[in-house]
Amino acid sequence: MIFILAAVFWGSFAPRGSAQEAADRVAPETATALGTELDGPALAEAQSLKAAGRPVRSETWMIAAANPHAVAAGARVLAEGGSAADAMVAVQLVLGLVEPQSSGLGGGAFLVWYDAERGTLTTLDGRETAPLAAGPTLFQDEAGAPLKFFDAVVGGRSVGVPGTPALMQKAHANWGRMDWAGLFVEAIRLAEEGFPVSARLAAMVNADRERLARDPETRRYFLPDGVAVAEGYLLRNPAYAETLRAMAGQGVGQFYSGQIARDIVAKVQGADGNPGLLTEIDMMLYQVRERDAVCAPYRALQVCGMGPPSSGGLTVGQILGMLAAYDLAALGPDSAEAWRLIGDASRLAFADRGRYMADSDYVPVPVAGLLAPDYLAGRGALLAGDDALPEVAPGKPEFDHALNWADDTTIELPSTSHISIVDRDGNALAMTTTIENAFGSRLMVRGFLLNNELTDFSFRSHRDGVPVANRVEPGKRPRSSMAPTIVLEDGKPVLVVGSPGGSRIIGYVAKTIIAWADWGMDVQQAVALPHLVNRFGAYDLEAGTAAEALAGPLGALGYEIRTRGLNSGLHAIEITADGLQGGADPRREGVALGE
């Protein structure tokens with residue numbers, strides 16, 4: 001039997017000065033619980049489990065992702081004997097249709113894979129790349145000043161070469177076992193027959209309707225007759241179905257060197273008022289990179305994720321490594337002292353992130369030095385006081401060369417999606433996928449939106465004559481905060497987790513691992529635990545939750561307190577000796593299914 005869990009509401013669970021800070025007030029994600037209707041017994045089961053606030057349990061396989069239509073497509077693949085890689089393709093194709101503001105063919109992704117037969121971990125880097133004509137001044141005006149964020153985003157200037165199609169095909173070639181074309185069936189059917197617009201998508205279209213109206217194709221799709229699509233509106237996308245048919249029959253060659261590629265380039269270069277630099281050569285040169293996972297010890301666990309160009313695996317690993325000497329289990333989730341330790345460890349890790357982390361194909365990143373036990377122990381010792389650290393600075397990890405980078409202030413806004421899957425053979429997949437800001441560049445072509453991923457580069461190329469590691473360079477991949485994570489114990493996976501959320505992804509994932517590993521929560525409780533996030537000194541507390549009770553105690557420790565919506569999209573699977581448990585973030589529409 002297949003079970004579905006619509007995530008529990010977070011409010012019912014009691015907790016156990018930079019450019020980025022300014023950006024956080026611009027365009028937050030919309031938070032909604034399950035908004036997509038499912039028919040029959042599945043919906044009744046979902047409502048029952050949601051009310052009880054329990055994780056999904058299964059024996060054979062499990063999937064957790066951001067929209068019930070996408071999860072159902074992946075579940076069918078798994079039920080028919082497909083691998084986690086096969087299911088991911090089906091899920092991503094549907095997500096690009098029903099949750100187009102967050103991910104799709106026009107974006108990029110990072111994937112962490114555990115191979116059960118070999119007992120090995122690897123990662124796929126499907127991050128977008130900058131055009132060959134792009135340079136460090138891409139997001140500066142004629143006087144050399146950084147552009148305003150949305151002046152850079154909307155239009156072709158912000159579009160990098162999409163990586164998601166190539167990543168899907170690479171994952172399928174490596175680990176898939178079902179027919180490639182068959183994985184497209186559900187997405188094509190939904191695109192042609194239509195799907196009911198969810199509450200979340202409707203709210204986000206309405207909130208962004210002015211920017212969505214700038215591109216004619218985008219306007220026709222999301223604002224038919226000049227009116228934003230409403231919840232329940234049956235939205236059809238025949239152009240997307242046609243694109244998928246081409247890819248199903250011919251692979252992704254058409255996307256990178258055929259008519260689809262030419263259409264993408266024409267759209268980017270022809271963007272009214274803000275054209276981009278993307279060319280057909282850029283499209284043809286794109287390659288997915290298979291990279292080693294970055295792993296950091298935590299208690300008896302190994303926490304493994306993406307290395308550069310993502311900062312996710314390194315920064316999560318640093319936070320946990322600094323906390324290893326402290327007994328968070330004894331303090332518990334209600335303790336201001338626990339959150340002081342977590343918050344200041346995060347601040348220290350973010351200081352290192354801002355200085356050292358970027359695309360390691362272009363700049364030397366001290367990965368080993370940043371995760372070295374002695375280095376993290378020294379950084380962790382800075383947490384031994386009683387109050388908030390008055391200031392933090394990057395540390396000096398071990399290098400095998402001389403290096404001098406300036407600090408980065410890249411703006412990252414939260415609109416992304418995460419998929420966690422475990423298949424019947426024990427293979428595990430964590431993939432975080434994005435078009436960056438909600439609706440990306442707002443440019444639509446052939447039924448999908450194009451990313452604005454290049455704005456994840458630093459708009460400044462230098463500070464006081466010192467270069468920024470994450471500056472724009474031809475062919476480079478912008479730094480990311482995406483943190484798809486597989487946690488191992490004795491070399492085998494025990495937790496698969498990840499989230500959207502801009503640079504707060506790192507805090508969301510670290511918090512969830514701590515809640516599960518130290519505070520004994522099941523995966524549903526861990527993802528639902530109210531958020532407290534500190535990256536740059538101010539403590540963000542999730543509005544409307546029990547996190548607000550810590551405002552006074554944390555303020556007394558010296559933190560600036562900000563109460564706000566913190567809309568993650570965590571999806572987690574725990575692997576136990578007795579089977580699988582799945583959890584889906586109550587802040588969004590996601591569900592977990594298993595058999």
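**View 1. A disulfide joins C295 to C304, with the sulfur atoms 2.1 Å apart.** The model is predicted: local features need pLDDT of at least 70, side-chain atom pairs count only at pLDDT 80 or more, and totals for chains, interfaces and linings use all residues. Residues are numbered from 1 along each chain as its sequence is written, and side-chain values use heavy atoms, leaving out hydrogens and water. A disulfide is a covalent bond between the sulfur atoms of two cysteines. Here the rule is a pair of cysteine sulfur atoms within 2.5 Å. By this rule the count is 1 disulfide. The link of C295 and C304 is right-handed, with 115° about the S-S bond.

View 2. C304 has 1%, so it counts as buried. Buried means under 20% relative accessible area, exposed over 50%, and partly exposed in between (1.4 Å probe, protein chains only).

**View 3. Helix 15 (residues 312-323) crosses helix 17 (residues 336-356) at roughly 135°.** Their axes come within 9 Å. Axes are lines fitted to C-alpha atoms, for helices over the stretch in contact, and angles run from 0 to 180 degrees between N-to-C directions. Helices are DSSP runs (H or I, at least four residues), numbered from the N terminus. The contact (heavy atoms within 4.5 Å) includes T315 and M322 of helix 15 and L341 and F350 of helix 17. By class, this contact has 9 nonpolar, 3 polar and 2 charged residues.

Technical notes:
Helix = DSSP H or I, 4+ residues; strand = E, 2+ residues; numbered from the N terminus. Nonpolar A, V, L, I, M, F, W, Y, C, P; charged D, E, K, R; others polar.
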